[in-house]
Amino acid sequence: AEAPRGTISTTSGKPNKILIHHMASANVTDYSQAAGYRIARDVQQWHFANGWVDSGQHLSVSRGGYVMEGRRGSLNGLRAGTHTVVGAHCPGQNSDAIGIENQGTYTSVAPPAQLWNSLVDLCAYICQQYGIAPTQIYGHRDFRATACPGDVLYAMLPQLRSEVAAALNGTSWSVIVDNTSSGFSASGNWLTSSYSSERYGSDYRYARPAEVSDLATYRATIPSNGSYRVEAWFPAIAGYNTSTPFIVHTGTAQSTVRVDQSAGGGAWMSLGTYSMTAGTRTVVAVSRWTSGSAYVVADAIRITRL
């Protein structure tokens, strides 16, 4: 990025909260590091146009999950844990809050799993370095009349606080695998759609039922033997299948859970709690082998150690 176009002020005290923003930018499907760098540079230019000396936010997270410094000096302050630079992301909070810009627009869709997982890790690190409680994670709109960070992302802030707290106390672990994640795999028979606003991320997969072995699979690394809650996220439409098979693999056995995907979408639905063994493998699969002709859907899954 360019050098700042003026002097950036520094505080001698620590911030006491985190503010979550969205960039209100396009929900691109290029999740590469290069794409993340491009949007960070674009934001700096937008903020230069406001007359600011540098990017207003302290840190940025791309849709691919890459974390980048926004305002110069923010990373050094965070690593030291003793001071921070003054931002320009929310009037009245620029000296008290670390501002995080998340690439994309989250008024009607959730952020991609890559972004979400990085945001959880980043917030946990900020809380650890500055001694901020996870309860002190807010949205931009909590302190300013704005739609930011979008209705969907704002509604996910309680989940963010919970997952950050779990990461800090070391008693839990959680991962989300979306249909755009590297851990997802499906044949060409599983088509892509962004039709429903209840989707997780930018899109989801769907297929017609058939008596064939043609699974949409979610691969993850289970960090240790233990008890894990498994959840699924999918958009629900009246014409979707009422008995979609979700197959959960524990490492020693498998269980099939039938899910009605015609209702109750746009939220995490529990597939049960399981005793799992450590290792990298397919943890959840969605099968086409069911009755009727209504679509079966594969969107996102979440695995949480209890």
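Author: Start with strand β14, residues 244–249, and strand β17, residues 279–286. In this predicted model, β14 and β17 pair in the antiparallel sense. Three bridges join them. Take Val248 as an example: its bridge partner in β17 is Val284.

Now step back to the sheet. Strands of a sheet pair through backbone hydrogen bonds, and the pairing can be parallel or antiparallel. Here five strands form an open sheet, and the pairing is antiparallel. Their order is β9-β12-β17-β14-β15. Which strands stand at the edges? They are β9 (184–185) and β15 (254–259). Each has a single partner strand, so one side of each is left without a neighbour in the sheet.

Next, a helix. Helix α5 covers residues 157–169. Its 13 residues, at 1.5 Å a residue, should span 18 Å. Six names to find in α5 are Leu157, Gln159, Leu160, Glu163, Val164 and Ala166; they are buried. What do the buried residues of α5 pack against? The strands are β2 (17–22), β7 (137–139), β8 (173–178) and β19 (300–305). The helices are α3 (113–130) and α4 (151–155).

Arg41 is found in α1, residues 33–49. Its relative accessibility is 44%, so Arg41 counts as partly exposed. Ser55 is 14 residues from Arg41 in sequence. In space, the two are 8.8 Å apart, C-alpha to C-alpha.

Terms used:
Residues are numbered from 1 along each chain as its sequence is written. This is a predicted model: local features need pLDDT of at least 70, side-chain atom pairs count only at pLDDT 80 or more; totals for chains, interfaces and linings use all residues. Side-chain values use heavy atoms; hydrogens and water are left out. Helices (H or I, at least four residues) and strands (E, at least two) are DSSP runs, numbered from the N terminus. The expected span of a helix is 1.5 Å times one less than its number of residues. Buried means under 20% relative accessible area, exposed over 50%, partly exposed in between (1.4 Å probe, protein chains only). Contact means heavy atoms within 4.5 Å. Two strands pair if DSSP finds at least two bridges between them.
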